[in-house]
Amino acid sequence: MADKVHVLKHPLVNARLSKLRQTTTTGKEFREGIRDISTILGIEASRDLEEETFSGETPVGPFTGSVIKPRIGLTPILRAGMGMTDALLDLFPAARVYHLGIFREKVSLQPVEYYAKLPENPNVDQVFLLDPLIATGGTACAALNMILEWGIPVNKIKLLCVLASQDGLNRVQKEFAGVEIWVSAVDPHLTPNGLISPGLGDTGDRLYNTLKDKEAL
């Protein structure tokens, strides 16, 4: 299972993640950092996408070009996953975007689905599931179940996340052994209330400046 988990090891990613962790980082800087890391995750995760060739002409002469063959779908988990979406749309401008609404109940820490508008039949070949944080892994597993029930096979799903806990990764791997995971870093600990430590804090709140006044950055 370990060969399905890819942890980015790159100085640019490390520097941006370190900036994201800091409480002094502004909402604008946080959004930019999430987008930058998401771009790198998308590039790395798309290395093995199948290509289709075509014949074209440059101003000088003929050439053989290529396009991405599979139809790409993006499934960001609301609301934090929206912070990753534009970066992936830059890479795949023709991608279809299907939002999945899932939140974690604060007491039980169990995922609760509140929104999904997937078409009746899959109209994409490859799905990139976008979830900035994998803490307990419950939300990611719920989203993976939704995509599988939609009809996408597990080997055609790539889970992209900015940061994960080791426990969360272990849970996702155990429940979905065939899913490919791309993450920029893994933190070793979870707090008793299910937060990654040292982590990033609440990604959605930091993306959209909805922190309580006493927590405002």
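How many aromatic pairs does a search of the whole structure find? The search finds three. Rings of Phe, Tyr and Trp (its six-membered ring) pair if their centres lie within 6.5 Å; planes under 30 degrees apart count as stacked, over 60 as edge-to-face and the rest as tilted.

This is a predicted model: local features need pLDDT of at least 70, side-chain atom pairs count only at pLDDT 80 or more, and totals for chains, interfaces and linings use all residues. Residues are numbered from 1 along each chain as its sequence is written, and side-chain values use heavy atoms, with hydrogens and water left out.

## Aromatic pairs

Take F92 and F128. Their ring centres are 5.4 Å apart and their planes stand at 25°, so the pair is stacked. The pair links distant parts of the chain, 36 residues apart. F92 sits in the loop between α3 (82–91) and β5 (96–97), and F128 in strand β8 (residues 126–130). Helices (H or I, at least four residues) and strands (E, at least two) are DSSP runs, numbered from the N terminus.

Are these two residues buried or exposed? F92 counts as buried, at 8% relative accessibility. F128 counts as buried at 0%. Buried means under 20% relative accessible area, exposed over 50%, and partly exposed in between (1.4 Å probe, protein chains only).

Y98 and W150 make another pair. Their ring centres are 5.5 Å apart with planes at 75°, so the pair is edge-to-face. Y98 lies in the loop between β5 and β6 (100–104) and W150 in helix α4, so the pair ties together parts that are 52 residues apart in sequence. Y98 is buried, with a relative accessible area of 14%. W150 is buried too, at 8% relative accessibility.

## Helix α4

Helix α4 spans residues 138–150, which makes 13 residues. From its first C-alpha to its last, α4 reaches 19 Å, close to the 18 Å expected at 1.5 Å a residue. The expected span of a helix is 1.5 Å times one less than its number of residues. In α4, 10 of the 13 residues are buried. Among them are G138, C141, L144, I147 and W150. G151 follows α4 and has a positive phi, near 120°.

## A parallel sheet

Which strands form the open sheet, and in what order? Three strands form it, in the order β9-β11-β13, with parallel pairing. Two strands pair if DSSP finds at least two bridges between them. The edge strands are β9 (133–134) and β13 (186–187), and each pairs on one side only. β9 and strand β11 (residues 163–165) pair over two bridges, in the parallel sense. L133 has L163 in β11 as its bridge partner.

## Salt bridges

Side chains of opposite charge can pair when their charged atoms come close. A salt bridge is a side-chain nitrogen of Lys or Arg within 4 Å of a carboxyl oxygen of Asp or Glu. By this rule the count comes to 13. The table gives some of them.

| Salt bridge | Closest N and O atoms |
|---|---|
| E29 and K19 | 3.8 Å |
| K158 and D48 | 3.1 Å |
| E50 and K69 | 3.5 Å |

For E29 and K19, the partners come from two helices. E29 lies in helix α2 (residues 27–45) and K19 in helix α1 (residues 11–21), so the pair ties together parts that are 10 residues apart in sequence. E29 counts as partly exposed, at 30% relative accessibility. K19 is partly exposed as well, at 34%.

K158 and D48 form a salt bridge. The pair links distant parts of the chain, 110 residues apart: K158 in strand β10 (residues 157–161), D48 in the loop between α2 and β2 (51–57). K158 is buried, with a relative accessible area of 3%. D48 counts as exposed, at 54%.

E50 is in the loop between α2 and β2, and K69 in the loop between β3 and β4 (72–78), 19 residues apart. E50 is partly exposed, with a relative accessible area of 46%. K69 counts as partly exposed at 43%.

Salt bridges also link R35, D86 and D90 in a network.
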